[in-house]
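Here are a few notes to go with your first look at this one. Have the viewer open while you read, and take the points in order.

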Amino acid sequence: MSNLQTPTPGTDYPGKTLGIVGLVLAIVFNLIGLIVSIVALQQSKAAGFKNTPAKIGIIVGAILFVLGIIVSIISFTAAASMVGTSTY
């Protein structure tokens, strides 16, 4: 069982703002958002608080980063296969 506290609504705790920033960055700049969200979660854990936006930022950042890599590989493979074909 976790001993992390759930903060009362409207209060500020370490990593809260950074967790929100990490979540937004995870949507736009996946890898940077993922790293910022991890840092925010660690800050909150060290202070003994839960940080839901940071957790969501980690999940979103990781998923979008992996999807970006997959799309890049598929695009590169498709482009490379088109270079080898000739249409005479």
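1. Leaving aside its neighbours within four places in sequence, which residues is Ser44 in contact with? Tyr13, Pro14, Gly15 and Lys16 are on the list, and so are Phe49 and Asn51. Ser44 itself lies in helix 2. With a relative accessible area of 0%, Ser44 counts as buried. Do keep in mind that this is a predicted model.

2. Now zoom out to the whole chain. The protein chain has 3 helices and 0 strands, and its elements run α-α-α from the N terminus on. Of the 88 residues, 22% are buried. If you take contacts between residues at least 6 apart in sequence, 66% of them join residues at least 24 apart.

3. Next, the pairing of helix 1 and helix 2. Their axes are 7 Å apart and the packing angle is about 160°. Because of that angle, helix 1 is roughly antiparallel to helix 2. The crossing here is left-handed. On the helix 1 side, the contact is made by Lys16, Leu18, Gly19, Gly22, Leu23, Leu25, Ala26, Ile27 and Val28. Helix 2 brings Asn30, Ile32, Gly33, Val36, Ser37, Val39, Ala40, Gln43 and Ser44. Sorted by class, the contact of helix 1 with helix 2 has 10 nonpolar, 7 polar and 1 charged residues.

4. Val21 is one to click on while you are in helix 1. Its relative accessible area is 38%, so Val21 is partly exposed. Val21 and Gly33 sit 12 residues apart in sequence, and their C-alpha atoms are 7.6 Å apart in space.

5. How do helix 1 and helix 3 cross, at what angle? Helix 1 covers residues 16–28 and helix 3 covers residues 52–84; their axes come within 8 Å and cross at roughly 20°. That angle is why helix 1 counts as roughly parallel to helix 3. This crossing is left-handed. Gly19, Ile20, Leu23, Ala26 and Ile27 of helix 1 meet Pro53, Ala54, Ile56, Gly57, Val60, Gly61 and Leu64 of helix 3. The contact of helix 1 with helix 3 comes to 9 nonpolar, 3 polar and no charged residues.

6. Then there is helix 2 (residues 30–47) against helix 3: the axes come within 8 Å and cross at roughly 155°. Helix 2 and helix 3 are therefore roughly antiparallel. Helix 2 passes helix 3 in a left-handed crossing. From helix 2, the contact takes in Asn30, Leu31, Leu34, Ser37, Ile38, Ala40 and Leu41. From helix 3 come Ala54, Lys55, Gly57, Ile58, Gly61, Ala62, Leu64 and Phe65.

7. Last, helix 3 on its own. Helix 3 has 33 residues and reaches 49 Å from first C-alpha to last, close to the 48 Å expected at 1.5 Å a residue. Which residues of helix 3 are buried? They are Ala54, Gly57 and Gly61. Helix 1 and helix 2 are included in what covers these buried residues. Ala54, Gly57 and Gly61 also turn up in the contact with helix 1 and in the contact with helix 2.

Note on methods: Residues numbered from 1 in each chain as written. Predicted model: local features only at pLDDT ≥ 70, side-chain atom pairs only at ≥ 80, totals over all residues. Heavy atoms only, no water. Axes fitted to C-alpha atoms, helices over the stretch in contact; angles between N-to-C directions. Helix = DSSP H or I, 4+ residues; strand = E, 2+ residues; numbered from the N terminus. Parallel < 35°, antiparallel > 145°, perpendicular 65-115°, else oblique. Left-handed = near helix turned anticlockwise from the far one by under 90°. Contact = heavy atoms within 4.5 Å. Nonpolar A, V, L, I, M, F, W, Y, C, P; charged D, E, K, R; others polar. Expected span 1.5 Å × (residues − 1). Buried < 20%, exposed > 50% of the residue type's maximum accessible area, 1.4 Å probe, protein only.
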